[in-house]
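Work through the exercises below with the sequence and the model open. Each task is followed by a solution in steps.

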Amino acid sequence: TDELAKQKLTLQDINEFLTNELKARSVATTQLEERVVGLTARLQEVQREAQAETGRVKAEAAAEVAAAVARAAELSAQLEGSNEFLQQREALEGQLVQLRAALAAKTKEVDQKLSDLERRHLQEKERARQEVAAK
């Protein structure tokens, strides 16, 4: 009986220990589950924020790309206009060179005719003087 009472007390101690251990672990498990719920909620919040940020960054990037494409088109049009201007300028410069050459040729021709006229005039004058002197 003494042995039985001793075993009974030992079993009660074991039962009490295990009951206390179970309660402690239940509390710890509950705390961990609450922490998991909190961390899950925070993770979902962070994921939503990241998705929102990603969407915003994509929208900004798309806007920047659109602006860059528009600017490139504008610069391309300006370049095309500049190239057209340069072609017109080269054509006009070519015409100017031709006109200057034609003007120089015409000037030389007029100078030659003027020189011929002056020479003829002097010859006529000299002949007229000789005729007058001969009379």
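Accessible areas here come from the Shrake-Rupley method with a 1.4 Å probe. The accessible surface of the chain in this predicted model comes to about 12,500 Å², and 59% of that surface belongs to carbon and sulfur atoms.

**Exercise 1. Overall form**

Task: State how many helices and strands the chain has, and decide whether the chain is spread out or a compact globule.

Solution. 
Step 1. The chain has one helix and zero strands.
Step 2. Its radius of gyration is 57 Å, whereas the globule rule gives 14 Å for 135 residues. The value is well over the rule, so the chain is more spread out than a compact globule.
Step 3. Along the principal axes, the C-alpha atoms fill a box of roughly 195 × 20 × 15 Å.
Step 4. Of the 135 residues, 1% count as buried.

**Exercise 2. Charges and salt bridges**

Task: Find how far apart the mean positions of the positive and negative charges are, and how many salt bridges the structure holds. Then examine the pairs Arg71 with Glu74, Arg119 with Asp116, and Glu126 with Arg129.

Solution. 
Step 1. The chain carries 21 positive and 24 negative charges, with mean positions 13 Å apart.
Step 2. The structure holds 10 salt bridges.
Step 3. In the salt bridge of Arg71 with Glu74, the closest N and O atoms are 2.7 Å apart. These two residues of helix α1 are three residues apart, so about one helical turn separates Arg71 from Glu74. Arg71 is partly exposed at 42% relative accessibility, and Glu74 is partly exposed at 39%.
Step 4. Arg119 and Asp116 form a salt bridge with an N to O distance of 2.5 Å. About one helical turn lies between Arg119 and Asp116, because they are three residues apart in helix α1. Arg119 is partly exposed at 43%. Asp116 has a relative accessibility of 19%; buried means under 20%, so Asp116 counts as buried.
Step 5. Glu126 and Arg129 form a salt bridge whose closest N and O atoms are 2.7 Å apart. Glu126 and Arg129 are again three residues apart in helix α1, and hence separated by about one helical turn. Glu126 is partly exposed at 34%, while Arg129 is exposed at 52%.

**Exercise 3. Groups of side chains**

Task: Which residues are linked with Arg56 in a network of salt bridges, and which residues form a nonpolar patch with Leu18?

Solution. 
Step 1. Salt bridges link Arg56 with Glu53 and Glu60 in a network.
Step 2. Leu18 is placed in helix α1. On the surface, Leu18 forms a nonpolar patch with Leu11, Ile14 and Phe17.
Step 3. Together the four residues of the patch have about 420 Å² of accessible area.

Notes
Residues numbered from 1 in each chain as written. Predicted model: local features only at pLDDT ≥ 70, side-chain atom pairs only at ≥ 80, totals over all residues. Heavy atoms only, no water. Helix = DSSP H or I, 4+ residues; strand = E, 2+ residues; numbered from the N terminus. Rg over C-alpha atoms; globule rule 2.2 N^0.38 Å. Buried < 20%, exposed > 50% of the residue type's maximum accessible area, 1.4 Å probe, protein only. Lys, Arg positive; Asp, Glu negative; His and termini not counted. Charge placed at Lys NZ, Arg CZ, Asp CG, Glu CD. Salt bridge = Lys/Arg side-chain N within 4 Å of Asp/Glu carboxyl O. Patch = residues over 30% accessible without salt bridge, like charges linked within 9 Å, V, L, I, M, F, W, Y side chains within 5 Å.
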